[in-house]
Amino acid sequence: MAHEIKTGRYCARITVEADTPLKIGCGNIDLTIDSPVIKDVNNLPFIPGTSLAGVLRHSLPGKIDDDHLNELFGYTKENKDEGKGSCIIFSHAHLVLSKNRVAEGLLSNINSDEQAFIKRMQNLPVRDHCRINHRGAADTKGHAKFDEEIVYKGSRFVFELEIIKDNPGPVLIDELIQTLNTPDFRIGGGTRRGFGRLRIVEICERDYDLTSEVDLMAYLDKSASLNQLPGDFKKREVNVNTNSPDITLSLKPKDFWVF
């Protein structure tokens, strides 16, 4: 069975800023912290590409029809006899240092300004919490006291997004960017406590037609390094979406309230 060859590639470098503190846990318990954030080889926080893909995939139903969603992110039938691979690729989102250098790979040639910034980001705030049981009291039997590490609000990260597509063909990038830039889009833990909101700072993009020799050579010459932005990438205008759903909840006590 012949497979359809897609000859289009859409690539974008996206810079995002933490509009609130972030808590993307590594899933392990540290020696001194119950819930540390995930960190790279430089002991700096980063956002895994799988986290970006998963949260966007979960946020898009209703904005993109199921056929386009399956085409973009792939799918598998229940019997696993039928399925399709993803056409969208996310890199990890790495931290932007004080001089706009991206902290990818093992860092070297660190100047004094970057050294102070890196030291600060390697010693993140730790917040104490107390687990509450169904009675509204400290869950002493379930190890009530715990703490978690968080990433500072204002931290910036850069990642690359690539979509394998027909050429010409829609890439649904408008819907992806709009979803990523909405105030109710959240990533990581603590989202019900206000954590995990991202804001798009900058998008640089390029559409490649691999049937064109010029575009093909430009695509092959494109560096995978987030510190090397291809010269033919163009900035995309980003409209800041400040529309956030307002919810009003009226409560009437049935008995005493104790805080």
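Student: How many helices and strands are in the chain?
Tutor: The chain has 5 helices and 10 strands; helices are DSSP runs of H or I with at least four residues, strands are E runs of at least two, and both are numbered from the N terminus. This is a predicted model, where local features need pLDDT of at least 70, side-chain atom pairs count only at pLDDT 80 or more, and totals for chains, interfaces and linings use all residues. Residues are numbered from 1 along each chain as its sequence is written, and side-chain values use heavy atoms, with hydrogens and water left out.

Student: What does the C-alpha trace span along its principal axes?
Tutor: About 70 × 50 × 40 Å.

Student: What share of the residues is buried?
Tutor: Of the 259 residues, 38% are buried, meaning under 20% relative accessible area with a 1.4 Å probe, protein chains only.

Student: Switching to Glu149. Which strand is Glu149 in?
Tutor: Strand 7, which covers residues 145–149.

Student: Is Glu149 buried or exposed?
Tutor: Buried, as the relative accessible area of Glu149 is 4%.

Student: Which side chain does Glu149 join in a polar contact?
Tutor: That of Lys39, at 3.0 Å. A polar contact is a pair of N or O atoms within 3.5 Å; within protein, one must be able to donate a hydrogen and the other to accept it, and residues adjacent in sequence count only if both atoms are side-chain atoms.

Student: And which backbone nitrogen does the Glu149 side chain reach?
Tutor: The one of Val37, at 3.2 Å.

Definitions and conventions:
Buried < 20%, exposed > 50% of the residue type's maximum accessible area, 1.4 Å probe, protein only.
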